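Here is a quick tour for anyone meeting this structure for the first time. Have a look at the model, then read on.

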Amino acid sequence: MAENFLIQTYVMFIFFISRLIFSLGKSKPWISSTTTSTITTIIPPMILTNYKEIGYKLRDDHEAINMASSDYGNMVRQIPAAVLYPSSINDIATLIKSSNNLSLPFHIAARGHGHSVRGQATAPNGVVVNMMALKSQRNRPGVIVSGNPFSGYFYADVGGEQLWIDVLRATLEHGLAPVSWTDYLYLTVGGTLSNAGISGQTFRYGPQISNVYELDVVTGKGDFVTCSAHKNSELFYAVLGGLGQFGIIIRARIALELAPKRVKWVRMLYTDFSEFARDQEQLIKINGRKDKNALDYLEGSLLMNQGSPDNWRSSFFPPSDHSRIIFKVTDNKIVYCLEVAKFYDDRSSETVDKVLKLLLKGLNYDPGFMFEKDVSYMDFLDRVRGGELKLQSQGLWEVPHPWLNLFIPKTHVSDFNTGVFREIVLKRNITTGPVLLYPMNRNKWDDRMSAVIPDEDVFYTVGFLHSGGFDDWESFDEQNKEILKFCEDAGINVKQYLPHYKTQEDWMKHFGSKWKTFVERKSMFDPKKILSPGQRIFSHQ
Ligand SMILES: Cc1cc2nc3c(=O)[nH]c(=O)nc-3n(C[C@H](O)[C@H](O)[C@H](O)COP(=O)(O)OP(=O)(O)OC[C@H]3O[C@@H](n4cnc5c(N)ncnc54)[C@H](O)[C@@H]3O)c2cc1C
């Protein structure tokens, strides 16, 4: 009893002193008096007092906790004890160090834009670092473009919290741009580099992680380290595709090239899967980075019985052609859409049509079903935004997203078409989102990085981008489970992209021969297993 009283008095005293210290500072503390106890269950008051510079920036109010508890997936809710709104890199290092100094460290997760779908950026009962807070607090620009016009070596030093759309805008001002993108640009640099960052440019330029020269990272020990392929390379390779397990990306040096101005954008429809796959594989064979005759972008998708051939990812088809496309889909159940783009500028505007014509010559799409557009480079890269804004205005953006993204070895893509698209997806008849399917080249990936891909020279990515209602999303999850079970039973060694597993055995299987290195790197850079608990690799709730 007396002991309890002493502890309570001590906590009150420390709390009072810290409030006093806070109030002597410039700004108001965020931690509310009513809930300080939640934070102090994971971060002892003594630590908060010692590290008063972060105490200022820890929030546990409803708005902050609510934002950090869920993500774009809207299916998982994991509540942190507090959210750090850092105003400097030092704040992040201090937070990680303070956790390391405890006998019972607390978990910490960097949150980029929270566009994960299964709680990967959450930290149940730990601290979420709201990286986007750095965006407005940086005392220098978030994107700094440098380079040498004579050697043609250009790069952008970009804050890990920056959105790719901001990277695009800032680099275009210099007539430059990164070469590898994601389809959607409102994702953070740190978030996509923790996965891979893939899109139609990947077959030629590799994923975004293949286009990074250097990183600044605050490791799981709280150390600030600059790393590259030549300096602290173990950390560099660990972090790229490392699912946030080894450190928090503070800065990335991204490769840039001269930006094109416009884009010839073409879609072709196929009813025969083998022709579709053969043409895709043929086109990605021309993939030299400097090869002027290569495509700049190649993707593919499926049209199934769901009304308009356009969807939120992009409106493309001329409205006057909608009815004949819908008719074709109704007739064939599945229509495969091959989508390519060739970029051009003033110098190549004379030749672009000829190069494209040559590339597409001999393709076996259904006659009369080729559609072309000519758009600005910016409009092409930012093509998903319009759909997002439309869904937002209808209240349909913030719904559950039971997505499934896989990499499939090329030799099994035909089995996947029959077993999954025809036997599972068509039969269940619940598809309401875009389904993507396109190939990429393994030699554009670097196996020293943490990202995991199939063991074949060419593999496909498939993305089931479902949107569900709050009460029916589980039926999509059932379909996802059935797809994974089919692959397992058929011996198709698929790898999940943006992976989500519940047990360490599943993670071991996912990483395969890379698991040993992954674990060794974890002990090297985050030995107390503090970072990114929402991935559930080393911590299971
Ligand atoms: C509409 C939409 C479209 C998408 N399109 C594509 C696409 O075309 N191609 C593609 O590859 N992906 C795509 N994605 C997936 C997306 O790349 C990942 O979900 C990515 O993680 C989202 O970035 P984020 O900034 O929101 O990261 P978050 O969801 O906030 O975080 C993801 C993971 O990275 C960690 N993390 C975040 N920031 C950092 C950092 N600075 N340092 C270290 N770790 C960090 C987090 O702890 C978490 O584990 C899409 C997602 C959505 C919702």
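## The overall picture

The protein chain has 20 helices and 18 strands; helices (H or I, at least four residues) and strands (E, at least two) are DSSP runs, numbered from the N terminus. What you're looking at is a predicted model, where local features need pLDDT of at least 70 and side-chain atom pairs count only at pLDDT 80 or more, while totals for chains, interfaces and linings use all residues. Residues are numbered from 1 along each chain as its sequence is written.

As for size, the C-alpha atoms fill a box of roughly 85 × 55 × 45 Å along the principal axes. The radius of gyration is 24 Å, which agrees with the value near 24 Å for a compact globule of 541 residues. That radius is taken over C-alpha atoms, and the globule rule is 2.2 Å times the number of residues to the power 0.38.

## Three domains

The chain splits into domain 1 (2-136), domain 2 (140-259) and domain 3 (262-496), with bounds from an automatic or database domain assignment.

Domains 2 and 3 have C-alpha centres 25 Å apart. Between them, 25 residues of domain 2 are in contact with 27 residues of domain 3 (contact: C-beta atoms, placed from the backbone, within 7 Å). On the domain 2 side, helices H8 (164-172), H10 (202-205) and H11 (233-239) each supply at least two residues, and H10 gives the largest share, four residues. By class, that side has 16 nonpolar, seven polar and two charged residues. Here Ala, Val, Leu, Ile, Met, Phe, Trp, Tyr, Cys and Pro count as nonpolar, Asp, Glu, Lys and Arg as charged, and the others, Gly among them, as polar.

## Around the ligand

Where does the ligand lie? Domain 1 and domain 2 both give residues to the shell around the ligand, so it lies between them. The shell has 36 residues, the closest being Gly 112, His 115, Thr 188, Gly 190 and Gly 191 (a residue is near if its C-beta atom, placed from the backbone, lies within 6 Å). Strand S3 (108-111), helix H9 (189-193) and strand S10 (247-258) each give two or more residues. The shell's make-up is 13 nonpolar, 20 polar and three charged residues.

## An eight-stranded sheet

Eight strands form an open, antiparallel sheet in the order S14-S11-S13-S12-S16-S17-S15-S18 (two strands pair if DSSP finds at least two bridges between them). Its edges are S14 (370-376) and S18 (495-496), each pairing on one side only. Seven bridges join S11 (262-270) to S14, and Arg 267 stands opposite Phe 371 in S14.

Conventions
Two residues are in contact if their C-beta atoms, placed from the backbone, lie within 7 Å.
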